[in-house]
Amino acid sequence: MGALFGKSKKPPSRITEQDKAVLQLKQQRDKLKQYQKRIELSLEKDRELAKKCLNTGRKERAKLLLRKKRYQEKLLENTDNQLENLEKLTSDIEFSQVEIQVIEGLKTGNQALKSLQQILNIDEIEKIMDETREGVEKQQELDEILSGRLTEEDESSILQELDDLVALDDAERAQESLPEEDINEKLPDVPTDMPEPEKAKRKKTEEPKVALMV
């Protein structure tokens, strides 16, 4: 019962430590971008306030706002550098992950190649290639001998015989494909009327039989 109601084991997570690191870097990048937007809005706001202060004669207030604006501009430059570093670090980690996958693929392929090389013996391969080469050479020799003994007239006769066999085979197939009714229609009818000499001959042979019966 305890096994039935026990907690099932969770499958191992496919998220690696490198994936977590990349995710954290991207989250920090997004936060820096949001911070940059806030600074840019503040810079524009301080600039407009400094203009109003100058218009109203509050020069010191305008100077203070411009100092604040300058400080925030330096912060903005620093965030740009930090963003660049984060982007570079993220790209390096992702590229390293790709390199690891490539190396693993090469490792697997190398092991498979070694296994095949152990199965295939070089001596056996050379033996098979030699036997194949010998068989091809013997066949070429036979072809040369046969072609040398046959004349052009023999070749023409062979081709004619081949054409005759093909035509005969086609005719037999055509005859087999015809239905039985068509075959009966093509056969000639049996004659019912006998020729005159045949009738006279049969009459002579029948007359003595009649006389004996009387």
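Buried here means under 20% relative accessible area, exposed means over 50%, and partly exposed lies in between, with a 1.4 Å probe and protein chains only.

Before going on, the provenance. This is a predicted model, in which local features need pLDDT of at least 70 and side-chain atom pairs count only at pLDDT 80 or more, while totals for chains, interfaces and linings use all residues. Residues are numbered from 1 along each chain as its sequence is written, and side-chain values use heavy atoms, with hydrogens and water left out.

Back to Lys 69. This residue is found in helix α3. Helices are DSSP runs of H or I with at least four residues, strands are runs of E with at least two, and both are numbered from the N terminus. What is Lys 69 in contact with, leaving aside its neighbours within four places in sequence? The partners are Leu 43, Asp 46 and Arg 47, where contact means heavy atoms within 4.5 Å.

Lys 69 also has a charged partner in Glu 73: their side chains meet in a salt bridge, 2.6 Å from N to O. A salt bridge is a side-chain nitrogen of Lys or Arg within 4 Å of a carboxyl oxygen of Asp or Glu. Both residues lie in helix α3, 4 residues apart, about one turn of the helix. Glu 73 counts as partly exposed, at 22% relative accessibility.

Now the chain as a whole. Its secondary structure comes to 7 helices and 0 strands, and along the sequence the pattern reads α-α-α-α-α-α-α. Of the 214 residues in the protein chain, buried residues make up 10%. Among contacts with a separation of 6 or more, 71% are between residues 24 or more positions apart.

Next, the helix pair I want to show. Helix α2 covers residues 17–55 and helix α3 covers residues 59–119; they pack at an angle of about 160 degrees, with their axes 8 Å apart. That makes α2 roughly antiparallel to α3. By class, the contact of α2 with α3 has 20 nonpolar, 9 polar and 15 charged residues. Nonpolar covers Ala, Val, Leu, Ile, Met, Phe, Trp, Tyr, Cys and Pro; charged covers Asp, Glu, Lys and Arg; the others, Gly among them, are polar. On the geometry, axes are lines fitted to C-alpha atoms, for helices over the stretch in contact, and angles run from 0 to 180 degrees between N-to-C directions. Angles under 35 degrees count as roughly parallel, over 145 as roughly antiparallel, 65 to 115 as roughly perpendicular, and the rest as oblique.

Arg 29 sits in helix α2 and Glu 87 in helix α3, so the pair links distant parts of the chain. Glu 87 is partly exposed, with a relative accessible area of 31%. Also in helix α3 is Glu 84, which counts as exposed at 54% relative accessibility.

The structure holds 9 salt bridges. One more of them is in helix α4, residues 122–149, where Asp 130 and Arg 133 are 3 residues apart, about one helical turn. Their closest N and O atoms are 2.8 Å apart. Asp 130 is partly exposed, with a relative accessible area of 35%, and Arg 133 counts as partly exposed at 44%. Elsewhere, salt bridges that share partners join Arg 29, Asp 30 and Glu 87 into one network.

That is the end of the presentation.
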